[in-house]
Amino acid sequence: MDVTADRDFDDWADILAFHWEAGVDVAIGEVPVDRFAESAAEPSRPRPPAPAARGAADAGPASGAPAGVAPSRPAPSRNQPARPAAPATPTLVTQPPDEAVMGAREAARGAASLDELKAILEGFEGCALKRTASRLVFADGNPAAKVMFVGEAPGRDEDQQGLPFVGRSGKLLDLMLAAVGLDRTSAYIANVIPWRPPGNRTPTPQETAVCLPFIARQIELADPDILVCLGGPSAQALLGTTEGITKLRGRFMDYDTGTRTIRAIATFHPAYLLRTPLGKRFAWRDMLAVEALLKISGG
């Protein structure tokens with residue numbers, strides 16, 4: 001029975017999108033290759049003799065060397081050029097975790113504007129994710145907007161374009177914004193982590209701790225009236241909680257920007273909604289709550 005015959009275009013599109021978001025973005029071949037079978041089919045190769053035995057055989061009975069002792073190697077000729085020294089392997093200097101976090105806090109405090117903060121991030125070397133990402137993904141939208149959306153980290157499409165939420169998740173976010181009368185000219189969008197983790201893996205607690213001072217300063221400088229955390233990791237990092245997104249979503253909380261207290265709410269990440277369409281009704285309620293609060297605040 002061919003199980004692939006029952007799948008339609010949408011099923012294959014979802015499967016392809018799942019692998020793409022997981023970091024599988026290069027097609028090596030159309031047919032799987034059994035490397036174990038290839039190795040078993042190769043003819044066995046004779047092992048070379050041990051160095052001591054090879055040296056004793058080369059010495060021969062006329063060499064005068066005791067049995068079992070390899071003769072000394074001849075001195076190199078004066079006319080023979082010396083072998084060049086092997087190049088030194090570069091080593092990446094990694095800051096201790098505490099120093100990296102302290103350095104991030106000091107660097108973030110030094111930014112007087114969003115442009116300065118972006119420039120500081122571009123020159124910051126305290127996060128290892130910068131070495132594997134293609135470019136910095138800082139923000140998109142209107143920095144003067146009344147509402148700011150913050151996700152967890154960029155994906156493959158975001159890493160290529162340098163803008164947050166531009167892939168399939170971004171298209172769904174645009175639809176969510178449009179449903180409540182918003183778009184990227186009336187909202188500000190960013191991520192807790194500004195660099196893509198390799199293979200779209202989950203950022204480590206250390207990586208989140210290093211990047212947290214920058215997104216906190218970004219929120220302070222943008223100064224929105226409402227902060228929307230997209231997904232559990234974003235909400236946990238910014239709101240300082242360990243609760244899951246299912247319990248967190250839909251509840252307004254206070255968020256201290258450093259200069260004033262604003263309202264914050266968490267909702268499901270668009271990527272989660274693509275995998276779990278049943279969650280869209282809850283996200284819709286959360287977006288309606290955001291719309292209602294914007295109307296009250298005059299946004």
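Me: With the side chain of which residue does the side chain of aspartate 140 make a polar contact?
Reply: A word on the model first: it is predicted, local features need pLDDT of at least 70, side-chain atom pairs count only at pLDDT 80 or more, and totals for chains, interfaces and linings use all residues. Residues are numbered from 1 along each chain as its sequence is written, and side-chain values use heavy atoms, with hydrogens and water left out. Aspartate 140 belongs to strand β1 (residues 140–141). A polar contact is a pair of N or O atoms within 3.5 Å (within protein, one must be able to donate a hydrogen and the other to accept it, and residues adjacent in sequence count only if both atoms are side-chain atoms), and at 2.8 Å the side-chain partner of aspartate 140 is arginine 184.

Me: How many helices and strands does the protein chain have?
Reply: Both are DSSP runs numbered from the N terminus: helices are H or I with at least four residues, and strands are E with at least two. For the protein chain, the secondary structure comes to 13 helices and six strands.

Me: What share of the residues of the protein chain counts as buried?
Reply: Buried stands for under 20% relative accessible area, exposed for over 50%, and partly exposed for what lies in between (1.4 Å probe, protein chains only). The chain has 299 residues, and the buried share is 35%.

Me: Why does arginine 249 count as buried?
Reply: Arginine 249 sits in the loop between α11 (245–248) and β5 (253–256). Contact means heavy atoms within 4.5 Å, and beyond four places in sequence arginine 249 touches Ala266, Thr267, Phe268, Phe282, Arg285 and Asp286. Its side chain also makes a polar contact of 2.7 Å with the side chain of aspartate 286. Arginine 249 counts as buried because its relative accessibility is 17%.

Me: Is aspartate 115 buried or exposed?
Reply: Aspartate 115 is placed in helix α5 (residues 114–123). Its C-alpha atom is 10.0 Å from that of glutamine 218, 103 residues away along the chain. Because its relative accessible area is 65%, aspartate 115 is exposed.

Me: How far apart in space are methionine 148 and proline 224, C-alpha to C-alpha?
Reply: Methionine 148 lies in strand β2 (residues 147–151) and counts as buried because its relative accessibility is 0%. Methionine 148 and proline 224 are 76 residues apart in sequence, and their C-alpha separation in space is 6.1 Å.

Me: What is the phi of phenylalanine 165?
Reply: Most residues other than glycine have a negative phi. Phenylalanine 165 lies in the loop between α7 (156–161) and α8 (168–179) and is buried because its relative accessibility is 4%. This residue is not a glycine, yet its phi is positive, near 55°.

Me: In which loop does aspartate 223 lie?
Reply: Aspartate 223 is another residue to look at for its backbone, with a positive phi of about 55° although it is not a glycine. Aspartate 223 is partly exposed, because its relative accessible area is 33%. Its loop is the one between α9 and β4 (226–230).

Me: Which helix gives the most to the lining of the largest cavity?
Reply: On a 1 Å grid over the protein atoms alone, a cavity is a set of points where a 1.4 Å probe fits but cannot get out, a pocket is an open set with protein on both sides within 12 Å along at least five of seven lines, and lining residues have an atom within 4 Å of a point. Grid points are joined across faces, edges and corners, and a volume is the space filled by probe spheres set on the points; the largest cavity holds about 40 Å³. Residues lining the largest cavity include Leu121, Phe138, Cys211 and Gln218. Four of the lining residues come from the top contributor, α9.

Me: How many charged residues are in the lining of the second largest pocket?
Reply: The second largest pocket has a volume of about 230 Å³, and the closest to its centre of the 13 lining residues are Arg105, Leu212, Pro213, Ala216 and Arg217. The largest share of that lining, six residues, comes from α9. Ala, Val, Leu, Ile, Met, Phe, Trp, Tyr, Cys and Pro count as nonpolar, Asp, Glu, Lys and Arg as charged, and the others, Gly among them, as polar. The lining of the second largest pocket has nine nonpolar residues, no polar ones, and charged residues numbering four.
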